[in-house]
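Q: I have a structure open and I want to learn to read it. Can we go through it feature by feature?
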Amino acid sequence: MSIEKNSKFKKFNYRGLELTKLINLSSKDLMKLFKSRQRRKLRRGLKVNNLRLIKKLRIKKVTSGVKNCVQTHLRNMIVIPEMVGKNISIYNGKIFNNLEIKPEMIGHYLGEFSITYKPVKHGKPGVGASSSSKFVPLK
């Protein structure tokens with residue numbers, strides 16, 4: 001019995017509701033579950049670009065081909081339950097980063113998952129860093 005109990009997958013819950021129930025919720029009921037910033041954005045209404053992205057994702061669901069990835073510049077789009085399981089490429093200012101939407105991402109912005117800067121790698125000092133760095137070979 002304990003083996004069966006441990007082998008079951010944990011079901012995803014967002015604020016006490018399972019994913020299947022989240023998908024069937026109306027937009028007003030879904031708004032109540034989101035945090036205040038996301039609620040405010042949804043209350044003011046989604047822009048034409050955001051609606052166009054949702055429409056593209058619905059079309060890709062019907063016609064799943066080899067490249068079923070939707071490219072977007074909309075970093076300020078909120079992840080809604082309908083997007084879960086879809087592949088999206090988010091522009092970070094230079095390239096498109098591929099991303100598969102997971103249930104844990106609901107309520108976050110797409111831009112949070114596509115970093116816009118290259119993290120600093122602290123290593124050897126370069127030329128002009130300080131007076132002691134002039135003895136470091138250029139390689």
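A: Start with burial. Buried means under 20% relative accessible area, exposed means over 50%, and partly exposed lies in between (1.4 Å probe, protein chains only). By that rule, 28% of the 139 residues of the protein chain count as buried. Keep in mind that this is a predicted model: local features need pLDDT of at least 70, side-chain atom pairs count only at pLDDT 80 or more, and totals for chains, interfaces and linings use all residues. Residues are numbered from 1 along each chain as its sequence is written, and side-chain values use heavy atoms, with hydrogens and water left out.

Q: How many helices and strands does the protein chain have?
A: Helices (H or I, at least four residues) and strands (E, at least two) are DSSP runs, numbered from the N terminus. The protein chain has 5 helices and 5 strands. Along the sequence they follow the pattern α-β-β-α-α-α-α-β-β-β.

Q: Which strands make up the open sheet, and in what order?
A: Strands of a sheet pair through backbone hydrogen bonds, either parallel or antiparallel. Here two strands pair if DSSP finds at least two bridges between them. The open sheet has 3 strands in the order 3-4-5, and its pairing is mixed. Strand 3 (69-72) and strand 5 (96-100) are at the edges with a single partner strand each, so one side of each has no neighbour in the sheet.

Q: How does strand 4 pair with strand 3 and with strand 5?
A: Strand 3 and strand 4 (residues 87-91) run parallel, joined by 4 bridges. Strand 4 and strand 5 are antiparallel, with 5 bridges. Follow I88 in strand 4: V70 stands opposite I88, and I88 also stands opposite L99 in strand 5.

Q: What lies between strand 4 and strand 5?
A: The two strands form a hairpin with 4 residues between them. In that turn, G93 has a positive phi of about 105 degrees.

Q: How many aromatic pairs does a search of the whole structure find?
A: Rings of Phe, Tyr and Trp (its six-membered ring) pair if their centres lie within 6.5 Å; planes under 30 degrees apart count as stacked, over 60 as edge-to-face and the rest as tilted. The search finds 2 pairs. In one, the ring centres of Y14 and F34 are 6.0 Å apart and the planes stand at 70 degrees, so this pair is edge-to-face. It links distant parts of the chain: Y14 is in strand 1, and F34 is in the loop between helix 3 (27-33) and helix 4 (36-43), 20 residues apart. Y14 is buried at 12% relative accessibility, and F34 is buried at 1%.

Q: What kind of pair do Y91 and F96 form?
A: A tilted one, with 4.9 Å centre to centre and 50 degrees between the planes. Y91 is partly exposed at 23% relative accessibility. F96 is partly exposed too, at 28%.

Q: Is G111 buried or exposed?
A: G111 is buried, with a relative accessible area of 15%. Find G111 in the segment after strand 5.
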